[in-house]
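Trainee: I have a new model open and would like to go through it with you. Can we start with the strands?
Mentor: Go ahead.

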Amino acid sequence: MRKLATILTVLALPVALATHFTGTYVDQQNGVTIVLEMAQDGTIQGVLNGPSGQFQLQGQGNEQGAFGTAQSTQGMLGFQAQLS
């Protein structure tokens with residue numbers, strides 16, 4: 001029984017990680033909204049809407065944070081994120 005519980009915990013881990021950065025994050029003070037979707041393999045797709053327009057986001061995440069690129073009018077920009 002103990003071995004089964006360990007296997008189920010390991011199998012559930014990718015699902016838990018997949019939800020870490022899935023959601024909508026709003027910064028009303030700065031007029032920024034970020035919508036992210038994190039797949040089971042840790043890849044992140046999303047969009048940032050702000051006063052300067054809409055920017056596509058893509059990256060990689062894990063239990064410690066996320067990082068990636070944003071396509072802007074100035075070219076590719078990097079980003080880092082951490083849930084708090």
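Trainee: How many bridges join β1 to β2?
Mentor: Five bridges join β1 to β2, and the two strands run antiparallel. Strands here are DSSP runs of E with at least two residues, helices are runs of H or I with at least four, and both are numbered from the N terminus. Two strands count as paired if DSSP finds at least two bridges between them. This is a predicted model, in which local features need pLDDT of at least 70 and side-chain atom pairs count only at pLDDT 80 or more, while totals for chains, interfaces and linings use all residues. Residues are numbered from 1 along each chain as its sequence is written, and side-chain values use heavy atoms, with hydrogens and water left out.

Trainee: Which residues stand opposite each other there?
Mentor: Gly-23 is opposite Leu-36 in β2, and Val-26 is opposite Thr-33 in β2. The hairpin of β1 and β2 has four residues between the strands, and Gly-31 takes a positive phi near 65° in it.

Trainee: And what about β2 and β3?
Mentor: Six bridges join β2 to β3, again in an antiparallel run. Glu-37 stands opposite Gln-45 in β3. This hairpin has four residues between its strands, and Gly-42 in the turn has a positive phi of about 95°.

Trainee: How many bridges between β3 and β4?
Mentor: Eight bridges join β3 (residues 43-50) to β4 (residues 53-62), which run antiparallel. Thr-43 is opposite Gln-60 in β4.

Trainee: What is the strand order in the whole sheet?
Mentor: The sheet is open and has six strands in the order β1-β2-β3-β4-β5-β6, with antiparallel pairing. Its edge strands are β1 (23-27) and β6 (75-81), each of which pairs on one side only. Neighbouring strands are turned by 20° against each other on average, direction ignored; the axes are lines fitted to C-alpha atoms, for helices over the stretch in contact, and angles run from 0 to 180 degrees between N-to-C directions.

Trainee: Switching topic: which residues make up the largest nonpolar core?
Mentor: Phe-21, Leu-36, Met-38, Ile-44, Leu-57, Ala-66, Ala-70 and Phe-79. Such a core is a set of buried Ala, Val, Leu, Ile, Met, Phe, Trp, Tyr and Cys residues joined through side-chain atoms within 4.5 Å. Buried means under 20% relative accessible area, exposed over 50%, and partly exposed in between, with a 1.4 Å probe and protein chains only. The elements giving two or more residues to this core are β2 (32-38) and β5 (65-72).

Trainee: How much of the protein is buried overall?
Mentor: Of its 84 residues, 23% count as buried.

Trainee: What does Ile-44 touch?
Mentor: Leaving out residues up to four places away in sequence, the residues Ile-44 touches include Phe-21, Leu-36, Met-38, Leu-57 and Ala-66. A contact means heavy atoms within 4.5 Å.
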